[in-house]
Amino acid sequence: MNDAEVFENPCAICSKRVATKLCDYIIRYDNGIIFFRNWQRFKEVNSPGYKHETCDLPLCDECSHNAGHQVDMCPHHYKLHQQAKLPNDLARKALKQKAKALQD
Ligand SMILES: [Zn+2]
Ligand SMILES: [Zn+2]
């Protein structure tokens, strides 16, 4: 890696290293109102290939935060992601609903 490369594609956070990833935090869902006509559509939207609009802030390895399988986030969105987690008692209820949906 040389300086020219860093200049071309700098990390947005530290500006010292070359960006190797983009923030994967979803800032906008393609389907403005979440309404699934059917199970097929639901699966399609939740499949890994489906692209919602993501933050896309360029990040170097050191400034990105891993938030799951092939999901990296900028420090700002990683913080939000942590806060977005449901407290345990609510998470249990959400899980129960997911299990119910799978049986349909
Ligand atoms: Zn960086
Ligand atoms: Zn971000």
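Lys21, once its neighbours within four places in sequence are left aside, is in contact (heavy atoms within 4.5 Å) with Leu57, Pro58, Leu59, Asp61, Ser64 and Asp72. Lys21 belongs to strand 1, residues 21–22, where strands (E, at least two residues) and helices (H or I, at least four) are DSSP runs numbered from the N terminus. From Lys21 to Ser64 the C-alpha atoms are 7.7 Å apart, although 43 residues separate the two in sequence. The model is a predicted one, in which local features need pLDDT of at least 70 and side-chain atom pairs count only at pLDDT 80 or more, while totals for chains, interfaces and linings use all residues. Residues are numbered from 1 along each chain as its sequence is written, chains are lettered from A and ligands numbered from 1 in the order in which they are written, and side-chain values use heavy atoms, with hydrogens and water left out.

Side chains of opposite charge can pair when their charged atoms come close. With a salt bridge taken as a side-chain nitrogen of Lys or Arg within 4 Å of a carboxyl oxygen of Asp or Glu, the count comes to four. Asp61 forms one with Lys21, the closest N and O atoms being 3.6 Å apart; because Asp61 lies in the loop between strand 4 and strand 5 and Lys21 in strand 1, this pair ties together parts that are 40 residues apart in sequence. Asp72 also forms a salt bridge with Lys21, at 3.7 Å between the closest N and O atoms, and this pair links strand 6 (residues 72–73) to strand 1 across 51 residues. Through shared partners, Lys21, Asp61 and Asp72 are joined into one network.

How buried or exposed are these partners, if buried means under 20% relative accessible area, exposed over 50% and partly exposed in between (1.4 Å probe, protein chains only)? Asp72 counts as buried because its relative accessibility is 11%, whereas Asp61, at 51%, is exposed, and Lys21, at 25%, is partly exposed.

Another salt bridge joins the side chains of Glu62 and Arg17, at 3.6 Å from N to O. Glu62 lies in the loop between strand 4 (58–59) and strand 5 (65–66) and Arg17 in the loop between helix 1 and strand 1, so the pair ties together parts 45 residues apart in sequence.

Elsewhere, His77 is found in helix 3, residues 75–84, and is buried at 10% relative accessibility. Not counting residues up to four places away in sequence, His77 touches Cys23, Tyr25, Ile27 and Cys55.
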